[in-house]
Protein chains: 2
Amino acid sequence: MDFFSTHEELLTTALRAISERSYWSAYSESPSPKVYGETAVPEGRAAFQALLGKDFPLDQPAAQRVAPEKSPLGIALGVSYPQTPVDTLIAHARQALPGWRDAGPQGRAGVCLEILARLHKRVFELANAVHATTGQPFVMAFQAGGPHALDRALEAIAYGYAEQTRQVGSVTWVKKADSLDKTYHLAPRGIGLVIGCNTFPTWNSWPGMFASLITGNPVIVKPHPRAVLPLAISVQVAREVLAEAGLDPNTVQLAVDTVDAPVTKELALRPEVKLIDFTGSTAFGDWLEQNARQAQVYTEKAGVNTVVIDSTDNLDGMARNLAFSLILYSGQMCTTPQNLLIPAQGIQTDQGHKNFDDVVRAIGAAVSSMLADPAKAVELTGAIVNDEIPGRIDRARGMGEVMLDSAPIAHPSYPDAVVRTPLIVKATDGYASECFGPVSFAVPTESTQDSVRIFRETIGEKGALTAAVYSTSDAVLEEMEKAAVDVGVHLSENLTGGVFVNQSAAFSDFHASGANPAANATLTDGAFVASRFRIVQSRRPTPA
Amino acid sequence: MDFFSTHEELLTTALRAISERSYWSAYSESPSPKVYGETAVPEGRAAFQALLGKDFPLDQPAAQRVAPEKSPLGIALGVSYPQTPVDTLIAHARQALPGWRDAGPQGRAGVCLEILARLHKRVFELANAVHATTGQPFVMAFQAGGPHALDRALEAIAYGYAEQTRQVGSVTWVKKADSLDKTYHLAPRGIGLVIGCNTFPTWNSWPGMFASLITGNPVIVKPHPRAVLPLAISVQVAREVLAEAGLDPNTVQLAVDTVDAPVTKELALRPEVKLIDFTGSTAFGDWLEQNARQAQVYTEKAGVNTVVIDSTDNLDGMARNLAFSLILYSGQMCTTPQNLLIPAQGIQTDQGHKNFDDVVRAIGAAVSSMLADPAKAVELTGAIVNDEIPGRIDRARGMGEVMLDSAPIAHPSYPDAVVRTPLIVKATDGYASECFGPVSFAVPTESTQDSVRIFRETIGEKGALTAAVYSTSDAVLEEMEKAAVDVGVHLSENLTGGVFVNQSAAFSDFHASGANPAANATLTDGAFVASRFRIVQSRRPTPA
């Protein structure tokens, strides 16, 4: 199979898209039968269910099998995975390296794009797996876990391909009497380790996985023990395509561990591991950056996402837009706003002057309105992903006046699911650290100037993945853009429609900036791929 | 002045050159009056001499003045430089950052290219400064310190410009009912620190200096205390151009220290310093990589450059070519071959079978022949750059049979200069560490296979900046290319003409690979520039 020819046009379009950055998506985000066919949804569900309670079919040597997952929705997963010893994973990855390296950028691009094509064919099976392991509402699990993640993967492949092919592969160099034939060999760095997270197993892992692959590095995928299945399917598909291409399936391997017996640190410190992609806690991300010195480490950690509210000409639109961001997946996105900075004396709106409490209550009312019907509500909130969050909500209640209380919802489909609606607390202290989950702080400030000062301080110190501002003043917008560039955070301004601060579009929006403490890398730019390989040159006299 | 328009065509040509990689140079390497004019040489010399024994004119605040240089040629320099306190350097660089950032990639490219144009106008003054501070022979000081360094600087500027402009600066993004105007702001990382070396003050410093500058970072240039003048001139020119462009001259500052009171570590650990470019010893490079954790650190250190001699169809050409590499600047280039791996039983040549001693003696004879006339010899060897090298030569003599002895030469023009010709010692041990200076080891191996094994071992462990092979066998060349890619070192094959293993051509050859312990970066590729800035995005609804 010439996978490169099959997918070359897609790659060419993606290469143009990363430069032009207007709206483009390669994989439809509509789960509609009109797009994916009448049978796609039931077949995907059946394929997912056929995996449950069984040994996952993956041809890796197993010292033992483990089934570490526990669904936030209470779905009985019981999928058992082979646990390959670390030494074996490393040895097999090393063996796979020369063949994968020698496949060249076109050969690798073909294989990577064929993997995406086959993942796309299994997108509803993946959606079920993401839904079950993360507790995301189903449509979100489909979109973020499927087409949006595929777009981000394609984007990483495009960047990696562009970086490797920006210079000629060989040249005849002539200077006076000397003529040399020069070859520019692409040399991978070593083994890539991809460390997945519980909440976005595909969206957050595929970019690093494919960035390392396209640049010639075998990859070991280490999922979060609570969200293995989506990445197990990914690895299974990758190995299948590699084998068909006559390449070593061990170019992509799965490393499964359990909460009680993690293997991540052992893997991360192996001298053969030269690239690490991590999404997760600040503590572990910092540990990797400090300790995995032999590797290039790309981290997305946590920050204090901040919204500065100065004024608005669309109070209802602002309230609805922010409410949706707070509700979606119960605020369990790394991009969910946490702090709402609002002048204590209130703001100007299209509905006249509104005092601080009015503004917060408008957002709260929009939240309540969207969540009025429990059956519809859970299709926005999904389920609480881990046991620590309810306690965190309780503690946050004690930090100030509760402006919107968090409430449980009984999930109509999953009785064991823990569902919690957003909490908004008026806080004058304690808001400058991340509080992961459906918790936001409405912070009364002395003025918008004071809000901007707090914005600079908290993001400068703790970082942020997203930021937003609402203002009718060009001067304030300009000042906020200046502040955002200074502290290195992406800024959304006056969003009142169908785009939300917690969402980024592949091929147009950069996700995380790498310019503040919340992350040291971005999805995706040249820096995300350029250090994943080296050029090693040979030169010899041109034959007479 | 619209510096960008002035230099845009040059930039466009450079951008094409880094992709095409055929022979191209923007600055003539011929010091001939036909190229540079009849008055260029005497005027450059006079300008250099006018600086000696005086306060160097640099408008930086001085806590004191220091004159740390000591010419290897015995030229009385006595140039005194203002020593600006570290806190002041950092504070002034921070103040300069926003203006330099806001100048944008075109504004910065214009200023950087104008700096190169003015450095080019002062190229003979620079050549004298490099000659005097490094002990390089004059023509080499002119070429490597002038046009070749300017080419490398231009190359870094081209890469940095390309990286910043690969995506649009802004776009209107439309998805169904939503339309957003997006702006991609380029955000520098912080302050760049450039740490120069004694032997190639401009060639090794300008790439990092201009890579950081073009990407928006103010730069503090910290020369080696023995080779300040070439970089003081560079900083002076940069500040002059910045001022003319209405920008803060403190975008580029000089940090002078002395051997007895170095400031490098203090500067390197400042939290505001986010980029460090270093050329020098492995020990200090490793220290920077381990300790300057707040910064992206780009190092070129030392390695064990290796030549594998298997066979040749041009024994005389091989001997002459290698001899020149050993002689040039008395082996004081980071790219000079150190180990010559030759089968103990000898090799096949166009002059029949030659045993081990014959091959080494052929190289030795070529060395001696080139150095027969002392007046011409010193125009190749230059002077010994520091006091440690003569002792190192003495110690190396004790490591085995001396196949070619090192000898002093009385420099006809500079009586105080220490000149030493190359030493070649037959060594079976102790050759696997760097021995900086005019020392090479001829290592008898069991076979070419054994040579390749030693090549892999020593470079895998210690790294190398260059490697070479001589063989008439395609299989051996192929095996060596494979080995070179595996250990990540650039390979020159069968060089017998006017190209030498220790020289690399900008816009075509990569210098160092970043893929072995001798360096963690290369001159120049995408990885050298991509992490020097970040993209910070803002987006707002498109006005109706």
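The expected span of a helix is 1.5 Å times one less than its number of residues. Keep that in mind as you look at this predicted model and find helix α10 of chain A, residues 229–244. This helix has 16 residues and reaches 23 Å from its first C-alpha to its last, close to the 22 Å expected. How many of the residues of α10(A) are buried? The number is 13 of the 16, so α10(A) is largely enclosed by the rest of the structure. Just after α10(A) comes A:G246, with a positive phi of about 75°.

Next, turn to a pair of helices in chain A. Here α1(A) packs against helix α8 of chain A, residues 147–164, at an angle of about 85° and with the axes 9 Å apart. The two are therefore roughly perpendicular to each other, since angles of 65 to 115 degrees are counted that way. From α1(A), the residues that make the contact are A:L11, A:A14, A:L15 and A:I18. On the side of α8(A), you will find A:L154, A:E155, A:A158, A:Y159, A:Y161 and A:A162. An α-helix has 3.6 residues a turn, so residues three or four places apart point the same way.

In the interface, 54 residues of chain A are in contact with 53 residues of chain B. Several elements of chain A each supply at least two residues of the side that touches chain B, among them α1 (3–20), β4 (178–188), α18 (474–487) and β19 (533–541). Which element gives the largest share of that side? It is β19(A), with eight residues. The residues on this side of chain A divide into 21 nonpolar, 18 polar and 15 charged. Strands pair between the chains too: two bridges join β18(A) to strand β19 of chain B, residues 533–541, and the strands run parallel. There, A:L491 stands opposite B:S538 in β19(B).

Some backbone details deserve a stop as well. Most residues other than glycine have a negative phi, and most peptide bonds are trans. With that in mind, see the peptide bond joining A:L523 and A:T524, which is cis with omega about -15°. A:T524 is found in the loop between β18 and α19 of chain A. In chain B, the bond from B:L523 to B:T524 is cis, with omega near -15°, and B:T524 has its place in the loop between β18 (491–493) and α19 (526–530) of chain B.

Two residues other than glycine have a positive phi to look at. A:K176, in the loop between β3 and β4 of chain A, has a phi near 50°. Is A:K176 buried or exposed? It counts as exposed, with 8 C-beta neighbours inside 10 Å. B:Y329 has a phi near 50° and is found in the loop between α13 (315–327) and β11 (339–343) of chain B. B:Y329 is buried, with 24 other C-beta atoms within 10 Å.

Our last stop is B:V501, found in the loop between β18 and α19 of chain B. With 26 C-beta neighbours inside 10 Å, B:V501 counts as buried. Leaving aside neighbours within four places in sequence, B:V501 is in contact with B:S325, B:P337, B:T466, B:A468, B:S492 and B:L495.

How values were computed:
Residues are numbered from 1 along each chain as its sequence is written. Chains are lettered from A and ligands numbered from 1 in the order in which they are written. This is a predicted model: local features need pLDDT of at least 70, side-chain atom pairs count only at pLDDT 80 or more; totals for chains, interfaces and linings use all residues. Helices (H or I, at least four residues) and strands (E, at least two) are DSSP runs, numbered from the N terminus. A residue is buried if 20 or more other C-beta atoms lie within 10 Å of its own, exposed if 12 or fewer, and partly exposed in between; C-beta atoms are placed from the backbone. Two residues are in contact if their C-beta atoms, placed from the backbone, lie within 7 Å. Ala, Val, Leu, Ile, Met, Phe, Trp, Tyr, Cys and Pro count as nonpolar, Asp, Glu, Lys and Arg as charged, and the others, Gly among them, as polar. Two strands pair if DSSP finds at least two bridges between them. Axes are lines fitted to C-alpha atoms, for helices over the stretch in contact, and angles run from 0 to 180 degrees between N-to-C directions. Angles under 35 degrees count as roughly parallel, over 145 as roughly antiparallel, 65 to 115 as roughly perpendicular and the rest as oblique.
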